[in-house]
Amino acid sequence: MVDLGIGQREGMAIYVHVPFCPSKCGYCDFNSYAVGQLASGEGIVDRTVRAIIAEIRGSRLAGVPAKTIFFGGGTPTYVSAEQLDELLRAVVETHPPVEGCEITSEANPGTVDASKFASMRASGFNRISLGAQSFLDSDLLRLDRVHRAGDIERAVDSARSAGIENLNLDLMFALPDQSVRAWNQNLARALALAPEHLSLYCLTIEQNTAFYKKQLRNELNLPDDESQRKMYEDCVSVCADHGYGLYEISNFAKAGRECQHNLCYWRGENYAGYGPGAVGCVPVEVDGQWERMRTTNLKHPERYCDAVERGAVVYFEHEILTDEVQEMERIMLGLRLTEGLTVESPNLGKLVDCGWLEECEFGVESRYRLTPEGRHFCSEVALELIP
Ligand code: SF4
């Protein structure tokens, strides 16, 4: 095993990116590809799975324990149960999981059934994150999702019957034409399924998406700022009423069910990324000093497969993180957490006085965190605190 100096004994978060989807959703700017639209057709799926396995098994990080494992995408459940099993086997044989390791796969309710979940549970997945997004078929159609509301309920039932005891539902609010009332009805449908975790994100319109073009043409009737604010505040109060703690600005969990993998990102820990477009942030030795390097793999599945098959470097971008960049990211990410962060800044007093920041205790540390009002101004607060 390579000597990583840091992050070795306690392990690191492992991410596997499966970039395929049945179709491309109008709002999506992830590194995902509708297989039917790829020139290489279905054959690219098997080839990419083989390449990801080869990348994992050839990793210079082999032997570093997996603190958490997360399959994301794309739609990991687009590939077969056998392929998911092979991919997970490659991960655990390369990165022995720590005791109680959280092993998550994202799943699209339209690409799963009871037997797939049963196989995934047998392979070792112990957490499923379902991309529900909405319980209204009209929303799902508008978002170009392949599933319908009934699929979400069926997928939750199937996951539970397969023995999945840790389940997340992803929902989005501030959808086109969505009212505050409709959002609350959505939230109630999600809560009725009693997931252990809820990720509730405000729809953001990203460049290079079909939604961005629609917005330019004035074809998206998005809720106004006041409605969006109310929707978010309802997330916080309704989740609290149902026993879900807000531990990150958009994430709510029953006690002890916080997503351990995402906490690694938000706490600025190391992580390895495998697959097309996967990002990793790992220690490297430069001139006898340990630094952190962020790499981004080739994004297009064909170019990624070509590189793996040639034995070439699979990342196309790398950056040694300077102390300044790490501090900036620590503040931006740490502010999202209810546990807060330690920070020194001449602007602290001003931010506390205006009601956006408050002092809190975390273990023996005295920290700062956003107030409920400050959560609406996370970026503004971060800019004030970044040296
Ligand atoms: S299923 Fe997810 S990753 Fe795939 S296109 Fe839709 S939003 Fe993007």
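**View 1. Domain assignment of the protein chain in the predicted model.** An automatic or database domain assignment gives domain 1 (12–265) and domain 2 (327–385). Their C-alpha centres lie 28 Å apart. Residues are numbered from 1 along each chain as its sequence is written. Because the model is predicted, local features need pLDDT of at least 70 and side-chain atom pairs count only at pLDDT 80 or more, whereas totals for chains, interfaces and linings use all residues.

**View 2. The side of domain 1 that touches domain 2.** Here 7 residues of domain 1 are in contact with 8 residues of domain 2 (C-beta atoms, placed from the backbone, within 7 Å). Helix H8 (225–241) and strand S9 (245–248) each give two or more residues to this side, and S9 gives the most, with 3 residues. Helices (H or I, at least four residues) and strands (E, at least two) are DSSP runs, numbered from the N terminus.

**View 3. Residues around the ligand.** The shell (C-beta atom, placed from the backbone, within 6 Å) consists of Cys21, Lys24, Cys25, Cys28, Phe30, Ser32, Gly73, Gly74, Thr75, Asn108 and Gly131.

**View 4. The largest nonpolar core.** This core has 81 residues, and those with the most contacts inside it are Ile14, Val16, Leu87, Val91 and Leu130. A core joins buried Ala, Val, Leu, Ile, Met, Phe, Trp, Tyr and Cys residues through C-beta atoms within 7 Å; buried denotes 20 or more other C-beta atoms within 10 Å of a residue's own, with C-beta atoms placed from the backbone. Helix H1 (residues 43–57) contributes the largest share, 7 residues. Another core, of 11 residues, lies apart from it and includes Ile331 and Leu357.

Notes
Contact = placed C-beta atoms within 7 Å. Buried ≥ 20, exposed ≤ 12 C-beta atoms within 10 Å, placed from the backbone.
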